[in-house]
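The tour moves from the whole chain to single residues.

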Amino acid sequence: ERCRGDAEQWLFFVPRQEREARGGRPSRTTRSGYWKATGSPGPVFSPDNRVIGVKKTMVFYTGKAPTGRKTKWKMNEYKAVDET
């Protein structure tokens, strides 16, 4: 219902998993496949040109790594930067 204006764009906000919060790698697996980061992470800027976050582009693969099959699904993952 919140995405009524654009059925192609969905936004989700989730807290970091405990393992990830302690410096571990995030798990991006699902029952049917996994999300794989592509390219280099890029900065996200505020209107006054300060870096406020990092953006990663992910592609969904069906199956299990490393033999999964690439799909057309893409997702942008954003992470806020701690200013301290």
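A residue counts as buried when its relative accessible area is under 20%, and as exposed when that area is over 50%. This is a predicted model.

**Whole chain**

Start with the protein chain as a whole. Of its 84 residues, 13% are buried. The accessible surface of the chain is about 7900 Å², and carbon and sulfur atoms hold 53% of that area.

Now switch to a cartoon view. The chain has 1 helix and 3 strands, and from the N terminus the order is α-β-β-β. Among the contacts with a separation of 6 or more, 39% are between residues 24 or more positions apart.

Select Asn-49. This residue is in the loop between strand E1 (33-45) and strand E2. What is the phi of Asn-49? The phi of Asn-49 is near 70 degrees, a positive value in a residue other than glycine. Most residues other than glycine have a negative phi. Is Asn-49 buried or exposed? Asn-49 has a relative accessible area of 61%, over the 50% cut-off, so it is exposed.

Next, select Ala-65 and Pro-66 together. Pro-66 is in the loop between strand E2 (51-62) and strand E3 (69-80). Look at the peptide bond from Ala-65 to Pro-66: it is cis, with omega near 0 degrees. Most peptide bonds are trans.

**Arg-69**

Move on to Arg-69, which is found in strand E3. Because its relative accessible area is 63%, above the 50% needed, Arg-69 is exposed. Which residues does Arg-69 touch, leaving out those up to four places away in sequence? They are Phe-60, Tyr-61 and Thr-62. Arg-69 and Gly-33 are 36 residues apart in sequence, and the C-alpha atoms are 8.8 Å apart in space.

**The second largest pocket**

The last stop is an empty space. Rolling a probe the size of a water molecule over the atoms shows where such space is left. The second largest pocket holds about 210 Å³ of space. To see its lining, select Arg-25, Pro-26, Arg-28, Thr-29, Tyr-34, Trp-35, Lys-36, Ala-37 and Ala-65. Ala-65, from the cis peptide bond to Pro-66, is one of these lining residues. Colour the lining by residue type: 5 residues are nonpolar, 1 is polar and 3 are charged.

Key: Residues are numbered from 1 along each chain as its sequence is written. This is a predicted model: local features need pLDDT of at least 70, side-chain atom pairs count only at pLDDT 80 or more; totals for chains, interfaces and linings use all residues. Side-chain values use heavy atoms; hydrogens and water are left out. On a 1 Å grid over the protein atoms alone, a cavity is a set of points where a 1.4 Å probe fits but cannot get out, and a pocket is an open set with protein on both sides within 12 Å along at least five of seven lines; lining residues have an atom within 4 Å of a point. Grid points are joined across faces, edges and corners, and a volume is the space filled by probe spheres set on the points. Ala, Val, Leu, Ile, Met, Phe, Trp, Tyr, Cys and Pro count as nonpolar, Asp, Glu, Lys and Arg as charged, and the others, Gly among them, as polar. Helices (H or I, at least four residues) and strands (E, at least two) are DSSP runs, numbered from the N terminus. Buried means under 20% relative accessible area, exposed over 50%, partly exposed in between (1.4 Å probe, protein chains only). Contact means heavy atoms within 4.5 Å. Accessible areas come from the Shrake-Rupley method with a 1.4 Å probe; for residues, only the protein chains shown count as cover.
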